[in-house]
Amino acid sequence: MATDILMPALSPTMKTGTLARWLKKEGETVAAGDLIAEIETDKATMEVEAVDEGIVGRLLVAEGTPDIAVNTPIAILVDEGEAVPEKPTSAGEPTVEAPAASTASAPESSAAPAQETSRNAAPVVEKGKRIFISPLARRLAKERGLDIATLKGTGPNGRILRRDVDNGAVKAPASAPTKTEEASVKSGEVQSVPHSTMRKVIARRLTESKTQVPHFYVSVDIELDALLALRSKLNASLEAEGLKLSVNDMMIRAVALALKKQPGLNVQFTETEMLHFDDADIAMAVSVPDGLVTPIIRQADKKSLRQISVEARDLAGRARAGKLVPEEFQGGTFSISNMGMFGVKDFAAILNPPQAAILAIASGQKRPVVRDGELAIATVMTVTLSVDHRAVDGALGAQWLNTLRDLVQNPYSLVI
Amino acid sequence: MSNLFDLIVIGGGPGGYVAALRASQLGMNVALVESTHMGGVCLNWGCIPTKALLRSADLYHTLHHLKDYGLSAENPSFDLASVVKRSRGVATRMGRGVAHLLKKAKVSTFDGRAQLAGRQGDAHKVAVMKDGQQTAEIQAPHVILATGARARQLPGLETDGKLIWGAREAMTPDVLPKKLLVIGSGAIGVEFASFYRDLGCEVTIAEVADRIMVAEDPEISAQARKAFEKRGMTIHTNTKVGPLQKGENSVSTTLETPDGTVDLTVDRVICAVGIVGNVEELGLEKTRAKVDRTHIITDEFCRTDEPGLYAIGDVAGAPWLAHKASHEGVICVEKISGRSPEPLHALNIPGCTYSHPQVASVGLSEEKARAAGYRVKVGRFPFLANGKAVAMGEPDGMTKTVFDAETGELLGAHMIGPEVTEMIQGYVIARTGELTEAELSETVFPHPTISETMHEAVLAAYEGALHI
């Protein structure tokens, strides 16, 4: 009867190994105790002995295949005269794409890349392995620069669907820890850590933005004292509810109102037309382990500070937990990046395409200011607007910043 | 027979009996409690018998247009009693089929009304009542409520079984009314309007919304209205129906239309103004399950807030469609058995109306897609440019597609015309399988078929249709 030869655990801690070399070919007879393959782990190279006797019916894994999970079938042993099964007998799921060659012609199959992955292993997929994915998901993954081999499918029999591509952008970092460990200790001092999907997306999108979108930058200093005073008062009255407005919540509201007053910044440039948005959907950059996501406060111009605060806290919390659904971080008409909590004086942000503007908010600091010819102390915050010059010209950017400054320095309009 | 089961299903309609069959396939010991007819409203007083009636009406209509096909017949006529008898016969035959399937699947069936009667440990107790008497008490850890829905009764428009008809009276008429008022232009309303119009009634439809078949794409609504009017119906939208004055054998009322009031006297009124869920006398108040306006609140796997208690189909809310109920039954049972079924996606549930012309759709209308923020590509193809439709003598119709311009996802598809209810599944498969315009364009559609309009409507949204 056909039996599977499984990837052995050569040490108690071994989880995966590389099949370095086959010592038997398909069609060769083996006796118990014969050496059949060399397996490489990060610690050592070891030989694998056959436990049973029989004929090597099929080698399921090509030489050099890395990251084979322990207990994955790597070959099928058959009795004399027995038909060779296409698939391993032990695995419940047909995970091997069998080579087209006839079962008896042994030599070429060892070169054919018939890879094997365990059902529970990270989805490592090599060339020639069929990936089940919907056409829509395949197209979206391509557009977003995602490697479909890294996506985990949640559809029928693991088929990758649109939602998996949408989720892939935020969930990937946590999904491949074993690969990272394997790869991280190879060459002396340098640790090479493969990119997470999120890192790849950030790299691609921001490179596109910096190379294809002509940025210009405008900065302005905004005095914060009135806003801070208002915030303390509001927070005192909200204390009973356990609500606490942040400066960020108030800036989201101020930015949304400024966009309503100066809608010229609430636009997107496309090759053929300019898109003007009615709603101010404010994306806020939230840093998460290994990257950032930009959940969106939709229609922030129509929401109260209270709503914005509650929503922003919920979105940021779930962003850090990797639990946003795609609608919550896709879209948005304007972005805010706030590094106030890090005490920075000023910085400039890279545009988040296809949006036409992003506001970089630095920290509020006590600085000397000149008021009516006298030196005074005020809490001042520098904000820098990055703008897509294809969509918006310099004067408008400057005017918009002035509008924002007026709103923040006379903050009562934020609560009316 | 033991009174302990793995699963009790309450209600033998297309939700309940399918749930019972699937549970049996998965090795469960299943009880099904049904108070009236196996097959429920769908099979006995809804989908199936109306299709039989509409078939008769359609043939009768064709008999009057034989000349168009080079044929003739002397004095075509119909016998209303025989038409109704055939419809009842179809219902009876299909009902027997369901009973047979349940028997074959070894589902234990109970005749009576079921009521939740508390818990015993992990099990729910269910009392079976017949004529006010308890005839059995059965138990199971899982109970599915599939009690369906009934026609909504509006104050002043209550059906009385004689002059004001509900669906049941409308499908078993003893005499053919000469004049008929249909209140409501959803699927049920327009199907009856179609049936009676084809038999020669003067039919008036009154709809409170600004267009008929308000669930459909506005463009389809407009085409349907045109087609119905061409067939001789009178249609009033944005219209309120005044008090119904019942006479001996007639009903008078005043329609408040945007163009002023219209006095109308008809022989019969059909009231088809929506659905309410059958949530009463189930013992729900003793459970944690929540009811929102006659519908039981459930999650994506049909679970109520009460552990082990589920609700599927009409009683669990819109869309009120038999195929939605059946599919929920399968999902619900598979989840109970520990499988990982895919939840039902509302936008992948097709809707079909069997009026003349037929209407079928899936997904978002163009209007709704735009409102949801999509940049859309829209394709249209008229049946007038389709060889098969013209050859059939049915050149009125249209297929319309709505794609997401950014991703190529088929957001919705809308069809009106002959046989569209049989064809819409092609687009449903496309949506469920997440096909894009590329695969649909590459698909070879057989010639000559009306389904070629489905291909052309895809091409029309992108590079352009070929035959127009």
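Visitor: In chain A, what share of contacts between residues at least 6 apart in sequence joins residues at least 24 apart?
Guide: This is a predicted model. Chain A has nine helices and 19 strands. Of its 416 residues, 35% are buried. Among contacts between residues at least 6 apart in sequence, the share joining residues at least 24 apart is 61%.

Visitor: Is strand 8 of chain A largely enclosed or largely open?
Guide: Strand 8 of chain A covers residues 73-78. Five of its six residues are buried, so the strand is largely enclosed.

Visitor: In which sense does strand 8 of chain A pair with strand 1 and with strand 6 of chain A?
Guide: Strand 1, residues 3-6, joins strand 8 over four bridges; there A:Leu6 has A:Pro73 as its bridge partner. Strand 6, residues 54-59, also joins strand 8 over four bridges, with A:Ile55 opposite A:Val78. For strand 1 the sense is antiparallel, and for strand 6 it is antiparallel.

Visitor: Why do the buried residues of helix 2 of chain A lie on the same side?
Guide: Helix 2 of chain A spans residues 135-143, and its buried residues include A:Leu136, A:Ala137, A:Leu140 and A:Ala141. An α-helix has 3.6 residues a turn, so residues three or four places apart point the same way. On the other side of helix 2, A:Lys142 and A:Glu143 are exposed.

Visitor: Which residue with positive phi follows helix 2 of chain A?
Guide: The phi of this residue is near 70°. The residue is A:Gly145.

Visitor: How many charged residues are on the side of chain B that touches chain A?
Guide: The contact takes eight residues from chain A and nine from chain B. On the chain B side, two are nonpolar and four are polar, and the number of charged residues is three.

Visitor: At what angle do helix 3 and helix 4 of chain B cross, and with which hand?
Guide: Two packed helices are described by the angle between their axes and the distance between the axes. Helix 3 is residues 47-63, helix 4 is residues 80-104, and their axes come within 8 Å. The angle is roughly 145°. The hand is right-handed.

Visitor: How many nonpolar residues does the contact of helix 3 with helix 4 of chain B have?
Guide: Helix 3 of chain B contributes residues including B:Ile48, B:Ala52 and B:Leu53, which meet residues of helix 4 including B:Val83, B:Val90 and B:Met94. The contact of these helices also has two polar and two charged residues. The nonpolar count is eight.

Visitor: How many residues of helix 14 of chain B are buried?
Guide: Helix 14 of chain B runs over residues 452-461. Its buried residues include B:Glu452, B:His455 and B:Glu456. Their cover includes strand 24, strand 25, helix 11, helix 12 and helix 13 of chain B. Helix 14 is largely enclosed because, of its ten residues, the buried ones number nine.

Visitor: Which strands are the edges of the five-stranded open sheet in chain B?
Guide: The order is 3-2-1-7-21, with parallel pairing. Each edge strand pairs on one side only. The twist averages 20° from one strand to the next. The edges are strand 3 and strand 21.

Visitor: Which residue of strand 7 of chain B stands opposite B:Ile8?
Guide: Strand 1, residues 7-10, and strand 7, residues 142-145, of chain B run parallel and are joined by four bridges. Helix 1 of chain B lies across strand 1, strand 2 and strand 7, at about 170° to strand 2. Opposite B:Ile8 stands B:Val143.

Definitions and conventions. Residues numbered from 1 in each chain as written. Chains lettered and ligands numbered in written order. Predicted model: local features only at pLDDT ≥ 70, side-chain atom pairs only at ≥ 80, totals over all residues. Helix = DSSP H or I, 4+ residues; strand = E, 2+ residues; numbered from the N terminus. Buried ≥ 20, exposed ≤ 12 C-beta atoms within 10 Å, placed from the backbone. Contact = placed C-beta atoms within 7 Å. Pairing = 2+ DSSP bridges. Nonpolar A, V, L, I, M, F, W, Y, C, P; charged D, E, K, R; others polar. Axes fitted to C-alpha atoms, helices over the stretch in contact; angles between N-to-C directions. Left-handed = near helix turned anticlockwise from the far one by under 90°.
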